[in-house]
Amino acid sequence: MGRIGVDLYPLATGVPLAEAETFGRFLGGSPANVAVAAARLGRRVALITRTGADPFGGYLRSELRGFGVDDRWVGEVAGLPTPLTFCEMFPPDRFPLYFYRLPKAPDLQIAADELDLDAVRAARVFWMTGTGLSEEPSREATLAALDARGAGAGAGVGAGTTVFDLDWRPMLWREKPGPYYERALARATVAVGNVEECQIATGESEPYAAARALLAAGVELAVVKRGPEGVLAVHRDGTVAQVAPVAVRVVNGLGAGDAFGGALVHGLLAGWPLAQVMRYANAAGAIVAGRLACSSAMPFAAEVEEVLGRAGGE
């Protein structure tokens with residue numbers, strides 16, 4: 001549930017937007033990319049979001065269907081344009097984003113009374129993001145969906161998993177996120193974020209301290225993405241998995257976290273041991289970091305398994 005838009009990326013790396021002459025058009029938005037990533041791995045996936053009532057909105061719905069994502073809960077909002085996102089690509093670690101979501105993004109117009117709460121409850125995994133909490137009526141709708149899922153603490157990770165992608169985008173917030181993140185963490189079973197996002201959510205930037213703070217806030221599993229230092233996952237039962245990164249020549253790092261998310265969902269649904277889930281998700285993220293696009297770059301299972309085989313993983 002959450003953000004969707006059109007990504008317009010220069011077809012060459014190392015070129016500033018002011019000098020770029022050719023662009024590729026792709027389905028974008030972190031939750032939409034996670035949905036595609038999970039679908040590529042064979043999972044049955046649907047997305048709750050909104051687009052503008054315009055040609056770009058039609059393009060996004062068509063892309064979702066083409067990727068195998070159910071678009072029945074993707075509505076249109078008259079009078080608001082479908083968002084566009086531009087990026088500049090300066091590998092290995094600088095990828096500035098430019099969001100065009102004014103006067104307001106349609107995906108922030110999701111209302112609580114429009115939700116199919118029976119479907120939300122029935123999902124084996126429900127994925128939501130911090131951006132969905134940034135503005136009304138999306139905030140109320142996101143919290144209503146979390147309430148429908150039930151309390152996070154004690155619920156366990158597996159069937160009925162609720163994932164909170166911390167997804168901190170400061171340019172999309174007009175107020176401090178703390179109170180809303182706190183409410184969402186109390187209702188989630190899994191929290192996922194990079195070190196900066198964990199600090200926004202908990203005040204802690206050291207990975208182990210951040211993971212412990214996320215567990216204390218109510219989740220069962222805390223996943224701290226550390227970029228070139230790999231990933232740390234800590235479960236409430238004491239299980240810890242610290243996985244080294246997969247070496248890759250970075251082309252565009254923006255979709256790696258979404259590929260990681262889709263693979264994380266896949267591994268949790270499969271019931272794999274925590275370390276195996278993290279290795280698999282890390283490999284999926286590395287594959288996409290080495291490609292230009294985000295959604296269309298999401299790997300299939302055979303590609304992830306090939307990378308794991310080369311790395312000596314499972």
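Tutor: Let us begin with burial: a residue is called buried under 20% relative accessible area, exposed over 50% and partly exposed in between, using a 1.4 Å probe and protein chains only. The model is predicted, so local features are taken at pLDDT of at least 70 and side-chain atom pairs only at pLDDT 80 or more, while totals for chains, interfaces and linings use all residues. Residues are numbered from 1 along each chain as its sequence is written, and side-chain values rest on heavy atoms, without hydrogens and water.

Student: OK, aspartate 167 then, buried or exposed?

Tutor: Aspartate 167 counts as buried, because its relative accessibility is 2%. It sits in the loop between S10 and H5, where helices (H or I, at least four residues) and strands (E, at least two) are DSSP runs numbered from the N terminus.

Student: And what is its phi?

Tutor: Phi of aspartate 167 is positive, at about 45 degrees, although the residue is not a glycine.

Student: Which aromatic pair involves S10 and H5?

Tutor: Rings of Phe, Tyr and Trp (its six-membered ring) pair if their centres lie within 6.5 Å, with planes under 30 degrees apart called stacked, over 60 edge-to-face and the rest tilted. By this rule the model has 8 aromatic pairs. One of them is edge-to-face and joins phenylalanine 164 to tyrosine 181, at 5.2 Å centre to centre with 65 degrees between the planes. Phenylalanine 164 belongs to strand S10 (residues 161-165) and tyrosine 181 to helix H5 (residues 178-185), so the pair ties together parts that are 17 residues apart in sequence. Phenylalanine 164 and tyrosine 181 are both buried.

Student: Which residues do ring pairs link into a cluster?

Tutor: The cluster linked by ring pairs consists of Phe164, Trp168, Trp173, Tyr180 and Tyr181.

Student: Switching to helices, at what angle do H1 and H8 cross?

Tutor: The axes of helix H1 (residues 30-40) and helix H8 (residues 256-270) cross at roughly 50 degrees and come within 7 Å; axes are lines fitted to C-alpha atoms, for helices over the stretch in contact, and angles run from 0 to 180 degrees between N-to-C directions. That angle makes H1 oblique to H8, given that under 35 degrees counts as roughly parallel, over 145 as roughly antiparallel, 65 to 115 as roughly perpendicular and the rest as oblique.

Student: How do H6 and H7 pack?

Tutor: Helix H6 (residues 195-202) packs on helix H7 (residues 207-217) at an angle of about 45 degrees, with the axes 10 Å apart. H6 is therefore oblique to H7, and the crossing is left-handed. Cys198, Ala201 and Thr202 of H6 meet Ala210, Ala213 and Leu214 of H7, a contact with 5 nonpolar, 1 polar and no charged residues.

Student: And how do H9 and H10 pack?

Tutor: Between helix H9 (residues 274-289) and helix H10 (residues 301-311) the angle is about 105 degrees, with the axes 9 Å apart, and H9 and H10 are therefore roughly perpendicular to each other. H9 contributes Arg279, Tyr280, Ala283, Ala284 and Ile287, while H10 contributes Ala301, Glu303, Val304, Glu305, Val307 and Leu308. The residues of this contact divide into 8 nonpolar, no polar and 3 charged.

Student: Last one, where is aspartate 237?

Tutor: Aspartate 237 is in the loop between strand S13 (231-235) and strand S14 (240-243), and it is exposed, with a relative accessible area of 55%.

How values were computed. Left-handed = near helix turned anticlockwise from the far one by under 90°. Contact = heavy atoms within 4.5 Å. Nonpolar A, V, L, I, M, F, W, Y, C, P; charged D, E, K, R; others polar.
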